[in-house]
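Subject: Structure handover

Hello,

Here is the structure for you to work through. Please open it first, then read my notes below.

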Amino acid sequence: MAVKTQVGPEGLGGGKQVVVGLALPNIPWEDRPAGCREPIWRSQRNPIIPRDLIPCSNSIFNSAVVPFGDGFAGVFRCDDRRRYMRLHSGTSGDGVTWNIQPEPIAFECGIPELSHFEYGYDPRVCWIEDRYYVTWCNWYHGPTIGMAWTRDFQTFTQMENAFLPFNRNGVLFPRKIGGKYMMLSRPSDNGHTPFGDIFLSASPDLVHWGEHRHVMGTRGSWESTKIGAGPVPIETTEGWLLIYHGVLTSCNGFVYHYGAALLDLDQPWKVLYRAQPYLMSPQRPYECVGDVPNVVFPCAALCDAPTGRLAIYYGAADTVTCLAFAYVDELIAWIKDNS
Ligand code: BMA
């Protein structure tokens with residue numbers, strides 16, 4: 001199949017703003033390299049976060065960042081040198097050079113049954129109304145979706161887990177839809193999960209979740225084994241832009257890619273368009289070589305609404321953190337052309 005790309009300064013919007021959101025003029029950004037015809041391109045500075053940025057870390061990857069104050073803040077997956085999976089907070093002036101706390105987040109937890117932190121990984125961070133919510137893969141008799149909130153990235157208040165085990169890749173929408181909070185997730189198993197579709201759940205209060213709907217299933221090639229939501233969906237005039245990972249099982253193990261789809265604005269369990277080709281596959285040495293080879297795994301994206309500039313943060317080879325760039329209007333045109 002020929003992969004169509006539509007790139008160029010006009011994109012879809014022809015100068016019209018397609019992203020529903022705020023300006024982020026200080027977004028980390030690099031222009032598309034000369035000669036690049038892809039809808040997405042990697043930072044020349046990759047990996048932006050090395051595996052050993054803090055003294056205890058074996059690896060820092062699959063992490064989430066958001067605008068914060070005059071700069072940026074985030075929650076980082078740091079596997080330590082005991083190979084314990086921990087979450088650390090961090091801040092940055094430019095979104096590229098990070099100051100990550102050497103000690104893991106100590107969640108304030110008023111729920112005795114949940115206060116034992118066994119492990120946490122693959123965080124996402126979402127601003128809703130008046131605070132930042134963190135979701136992550138949290139141990140509670142197996143992996144499930146942990147939740148906490150913060151306003152300052154210093155104190156984190158743990159909430160009820162969203163779901164029963166086993167579940168992973170819990171990703172909130174940044175506003176209520178039809179009067180309810182919404183979360184994507186991927187029911188899974190207690191191991192490395194050789195299956196998995198994306199589901200949507202609704203909640204009146206971010207504690208009680210129900211009205212579960214199937215959103216997207218696996219299909220051939222790069223997304224044939226399992227899929228999972230990546231960054232917080234981005235609201236556009238064309239629908240919610242969802243970037244998600246997809247896994248292929250090769251004779252040498254799992255290969256993690258990521259792709260993109262558009263979900264209905266009011267009924268986000270309905271997929272409007274879903275691109276067949278991947279957006280990114282592991283190709284660079286830092287994506288192909290590391291603790292788990294052949295993994296690109298996005299957990300966050302920053303967006304400057306007026307220009308549509310998008311900066312995607314992804315983990316590479318379960319070892320380091322990387323950046324890639326795109327224009328949202330071009331991405332939407334590419335998804336539609338290749339759906
Ligand atoms: C998934 C998660 C991710 C990881 C990926 C590849 O199950 O554990 O954190 O990046 O596997 O190892």
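**Strand β16 and its partners**

Strand β16 pairs with strand β17 (residues 253-263) in the antiparallel sense, over 11 bridges. Two strands count as paired if DSSP finds at least two bridges between them. Strands themselves are DSSP runs (E, at least two residues), numbered from the N terminus. This is a predicted model: local features need pLDDT of at least 70, side-chain atom pairs count only at pLDDT 80 or more, and totals for chains, interfaces and linings use all residues. Residues are numbered from 1 along each chain as its sequence is written, and side-chain values use heavy atoms, with hydrogens and water left out.

Back to the strands. Two residues lie between β16 and β17, and the pair forms a hairpin. Look for His 245: Tyr 258 in β17 stands opposite it. His 245 in β16 also has Gly 228 opposite. Strand β14 (residues 226-229) is joined to β16 by four bridges, and the two run antiparallel.

Strand β15 (residues 234-236) is another partner. Three bridges link β15 to β16, again in the antiparallel sense. Here Trp 240 of β16 faces Glu 235. β15 and β16 form a hairpin too, with two residues between them.

Why is β16 largely enclosed by the rest of the structure? Nine of its 12 residues (β16 spans 239-250) are buried, so the strand is largely enclosed. Buried means under 20% relative accessible area, exposed means over 50%, and partly exposed is in between (1.4 Å probe, protein chains only).

**The ligand**

Which residues surround the ligand? They are Asn 62, Arg 77, Tyr 121, Asp 122, Tyr 256, Val 292, Val 295, Phe 297 and Asp 318. The cut-off is a heavy atom within 4 Å of the molecule.

- Asp 318: a polar side-chain atom is 2.6 Å from a ligand oxygen.
- Asn 62: an N or O atom of the side chain is 2.9 Å from a ligand oxygen.
- Tyr 256: an N or O atom of the side chain is 3.0 Å from a ligand oxygen.

Taken alone, the ligand exposes 310 Å², and the protein buries 85% of that. These areas come from the Shrake-Rupley method with a 1.4 Å probe.

**A four-stranded sheet**

Now find the open sheet with the order β2-β3-β4-β5. Its four strands pair antiparallel. β2 (57-68) and β5 (99-100) are the edge strands, each pairing on one side only. Nine bridges connect β2 to strand β3 (residues 71-80), in the antiparallel sense. Within that pair, Phe 61 stands opposite Arg 77 in β3. Arg 77 is also one of the residues around the ligand.

Start with Tyr 132, in strand β7 (residues 131-139). Is Tyr 132 buried or exposed? Tyr 132 is buried, at 9% relative accessible area. Tyr 132 and Val 66 are 66 residues apart in sequence, and their C-alpha atoms are 8.9 Å apart in space.

Then go to Arg 219, in the loop between β13 (210-216) and β14. Arg 219 counts as partly exposed, with 28% relative accessibility. Arg 219 and Tyr 286 are 67 residues apart along the chain, and 27 Å separates their C-alpha atoms.

Best wishes

Key
A polar contact is a pair of N or O atoms within 3.5 Å; within protein, one must be able to donate a hydrogen and the other to accept it, and residues adjacent in sequence count only if both atoms are side-chain atoms.
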